[in-house]
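Biologist: I have the sequence and the model open. Can we go through how to read the features, one at a time?

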Protein chains: 2
Amino acid sequence: MNTPDTSNANHVRIVEVGPRDGLQNEKTIIPAATKIALIDRLSACGFPVVEATSFVSPKWVPQLADADDVLPAIARKDGMLYPVLVPNEKGLDRALAAGVREIAVFTAASDAFNQRNINCDIAESLRRIAPVIERAKADGLWVRGYVSTVLGCPYQGEVPLSDVTRVTRELYALGCDEISLGDTIGVGTPRKARAMLEACADDVPMAKLAVHFHDTYGQALANIAACLDAGVRIVDSAVGGLGGCPYAQGASGNVASEDLVYMLHGLGMQTGVDLDAVCDTARWINGELRRAPVSRLAQIPNERRFPKTSAA
Amino acid sequence: MNTPDTSNANHVRIVEVGPRDGLQNEKTIIPAATKIALIDRLSACGFPVVEATSFVSPKWVPQLADADDVLPAIARKDGMLYPVLVPNEKGLDRALAAGVREIAVFTAASDAFNQRNINCDIAESLRRIAPVIERAKADGLWVRGYVSTVLGCPYQGEVPLSDVTRVTRELYALGCDEISLGDTIGVGTPRKARAMLEACADDVPMAKLAVHFHDTYGQALANIAACLDAGVRIVDSAVGGLGGCPYAQGASGNVASEDLVYMLHGLGMQTGVDLDAVCDTARWINGELRRAPVSRLAQIPNERRFPKTSAA
């Protein structure tokens, strides 16, 4: 399956989560056609993975109630993954009916967060996830696992590292192909982020771990750079810095894909992503949402981006 | 003099440049009383160095034409430094008349940038700076040197590392007590930033070097983290992310002091700075300028900042 090219230490696989994590929190319902266009534009940008939508109950995430319409309508590109969020077996049934090939399951490293987000504790969430993964694997699906609140929880505060590593280990044991470690409220700083990643990599191969940062405290890129130093090669981001967490107070958007791509290319990393196209997509989707882009790169016209700039 | 506490590898000296680099570009003239209040508030925050104003010709920087009124009026705190920008001997005369004790001289690693900024090439700029430093040192002043465009120039594009190290070395040889390496247009990424710093540290002691990042491309904190790894312990920033460079297209504000302080404290570094007070000051000065804060931390109410947050 599509896993990072571990033969090339300079290759980073970006998981573009804008259509799901980026949009789920929007209050005004976005037309399905816009979501489909966004996903297709992101495919064209060269992202190897685009998280397409969520089969969480429309009662909880009304913005993505059209998942059954969106998923079958996207233009799938060969070799690309389009995971969708699946909370339970009922969600899996819906996703399978819509032709899903990749899913993402989710829990948190904090009982308090899970109680408010999915109304059960960590142990119960893993009991619910287990049969979802089992059925998905039996059907040949690729499965991503999310662990939220890995560097702090808006309800319980500090999250013990041992809880993060335990949940990560258990999701891996249940059969996840890859596990994304999420700083849901964006409070982490580079040293803690790296230590958290390295602790998880004691139990799960680094090549199976992703990092997922929100930029609430402005630390996302610094944290990613530190985690790259520690060896991670899968990084989540959202075009235009879209997003936030509906159940976490103060959680602003995901790290912006275009700012991430600029950093990675500056670090000599390969991503396969066309930065001009990402910036264009960021400006386009922000226009659809009637707001200014929050990312830095989207505010710079492509033709004026360094080092293209010549004497004025 | 006030130099970094090199006996404590965990101490970072933040040079708050908001009142000068942050305000110089503002079009609406700010009252001197507001500038004085800003400097005094920043002193109270615990910043060890506050760059107060500029004695560049009012023709070039009209916003800081009141330097002669501002500098004598600030409430100096013992042990603190309040450098002011001085372009030439005439500026030094003005600064001395206003009771200056610390100055900052400046040039760039790019001839093209200097030509547009100060109307001469690097060599000529150093010839102009030499007598300023000489007189300043004879008068017992502390002298900071700035090197702009260390990671790219808006006019010539790439800046050879050898030009950066040469200018840095020459400023040090001329007698600067400390040299700040400025990514004026914010285009650097962590690996290049670190390599640039390390190359400069081959010639000048690391304890005498500062890094100065603008956040135009969102890379500032990631670059600072990489430079901290390389050993730098003096970092420039501006409250509220104020600022920009009047002669550099696309140059947005300085890295925000409050976002920097959050990162440094998260890294286990000591700064002596009160984060609550910096956030309050950022919100206050942004209110005076009638705009929303651009920093992340200033957008989070102090009492809701992690990890103070308790169950809602």
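Biologist: Which residue stands opposite V147(B) in strand 7 of chain B?

Modeller: L181(B) stands there. This is a predicted model, where local features need pLDDT of at least 70, side-chain atom pairs count only at pLDDT 80 or more, and totals for chains, interfaces and linings use all residues. Residues are numbered from 1 along each chain as written, chains are lettered from A and ligands numbered from 1 in written order, and side-chain values use heavy atoms, without hydrogens and water.

Biologist: How many bridges pair strand 6 and strand 7 of chain B?

Modeller: General idea: two strands pair if DSSP finds at least two bridges between them. Strands themselves are DSSP runs (E, at least two residues), and helices are too (H or I, at least four), numbered from the N terminus. Here strand 6 (residues 142–148) and strand 7 (residues 178–183) of chain B pair in the parallel sense over 4 bridges.

Biologist: What is the order of the strands in the open sheet of chain B?

Modeller: The order is 2-1-9-8-7-6-5-4-3, 9 strands with parallel pairing. Strand 2 and strand 3 (53–54) stand at the edges with a single partner strand each, so one side of each has no neighbour in the sheet.

Biologist: Strand 1 of chain B: which residues are buried on its two faces?

Modeller: Buried means under 20% relative accessible area, exposed over 50%, partly exposed in between (1.4 Å probe, protein chains only). In strand 1 (residues 13–16), R13(B) and V15(B) are buried on one side, I14(B) and E16(B) on the other. Strand 1 of chain B pairs in parallel with strand 9 (residues 234–237) over 4 bridges. There, R13(B) has I234(B) as bridge partner. Strand 1 of chain B also runs parallel to strand 2 (residues 49–50), joined by 2 bridges. V15(B) has V49(B) as bridge partner in that strand.

Biologist: Back to strand 6. Is Y146(B) buried or exposed?

Modeller: Y146(B) lies in strand 6 of chain B. Y146(B) is buried, at a relative accessible area of 5%.

Biologist: Which side chains make a polar contact with the side chain of Y146(B)?

Modeller: A polar contact is a pair of N or O atoms within 3.5 Å; within protein, one must be able to donate a hydrogen and the other to accept it, and residues adjacent in sequence count only if both atoms are side-chain atoms. The side chain of Y146(B) makes one with E51(B) at 2.5 Å and one with R144(B) at 3.1 Å.

Biologist: Now the two chains. How many residues does each give to the contact?

Modeller: Contact means heavy atoms within 4.5 Å. Chain B gives 42 residues and chain A gives 42 residues.

Biologist: And how much area do chain B and chain A bury?

Modeller: The size of an interface is often given as the accessible area lost when the parts come together. Buried area is that loss (1.4 Å probe), summed over both parts. Chain B and chain A bury about 3500 Å², 55% of it on carbon and sulfur atoms. In chain B, Y217(B), R296(B) and F306(B) lose the most area to chain A, together 21% of what that side buries.

Biologist: How many salt bridges are there between chain B and chain A?

Modeller: A salt bridge is a side-chain nitrogen of Lys or Arg within 4 Å of a carboxyl oxygen of Asp or Glu. The count is 2. D215(A) and R296(B) form one (3.2 Å, N to O).

Technical notes
Buried area is the accessible area (1.4 Å probe) that two parts lose on being put together, summed over both.
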